[in-house]
Amino acid sequence: MTVEATYTVTGMTCGHCAASVREEISEIAGVTGVDVNVETGSVTVTSEADLARDAIAAAVDEAGYTLV
Ligand SMILES: [Cu+2]
């Protein structure tokens, strides 16, 4: 199955920020795709199963940003 969920991340200002967030979230088991929109702070994650919000929050935090 494929699950798509959209999150809002604050603090991203450029392509490097987006790349950091994409990289950290991509490391979560089951994640198959990450789409980041820096301007809106919108992060869409595609995965094989439901993901724990805590896992996303931890990955975003690891990248240096905050999950709203
Ligand atoms: Cu940046």
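Here, a residue counts as partly exposed when its relative accessible area falls between the buried range, under 20%, and the exposed range, over 50%. All the views below come from a predicted model.

**View 1. Two cysteines hold the copper ion.** The protein donors are the SG atoms of Cys-14 and Cys-17, which lie 2.0 to 2.1 Å from the copper ion. Take a look at how these two cysteines sit in the protein. Cys-14 has a relative accessible area of 33%, so this residue is partly exposed. Cys-17, at 6%, is buried.

**View 2. Ile-25 sits buried in helix H1.** Helix H1 covers residues 15-26 and includes Ile-25. The relative accessible area of Ile-25 is 0%. Which residues does Ile-25 touch, leaving aside its neighbours within four places in sequence? The contacts are Val-31, Val-34, Val-43, Val-45, Ile-56, Ala-59 and Val-60. For a sense of scale, Glu-4 is 21 residues from Ile-25 in sequence, with 13 Å between their C-alpha atoms.

**View 3. Four strands form an open sheet.** The strands follow the order S2-S3-S1-S4, and their pairing is antiparallel. Strands S2 (31-37) and S4 (66-67) are at the edges; each has a single partner strand, so one side of each has no neighbour in the sheet. As a reminder, strands of a sheet pair through backbone hydrogen bonds.

**View 4. Helix H1 lies across strands S2 and S3.** The helix runs at about 160° to S2.

Terms used:
Residues are numbered from 1 along each chain as its sequence is written. This is a predicted model: local features need pLDDT of at least 70, side-chain atom pairs count only at pLDDT 80 or more; totals for chains, interfaces and linings use all residues. Side-chain values use heavy atoms; hydrogens and water are left out. Donors are N, O and S atoms within 2.8 Å of the metal (3.2 Å for Na, K and Ca); water is not among the atoms, so sites may look incomplete. Buried means under 20% relative accessible area, exposed over 50%, partly exposed in between (1.4 Å probe, protein chains only). Helices (H or I, at least four residues) and strands (E, at least two) are DSSP runs, numbered from the N terminus. Contact means heavy atoms within 4.5 Å. Two strands pair if DSSP finds at least two bridges between them. Axes are lines fitted to C-alpha atoms, for helices over the stretch in contact, and angles run from 0 to 180 degrees between N-to-C directions.
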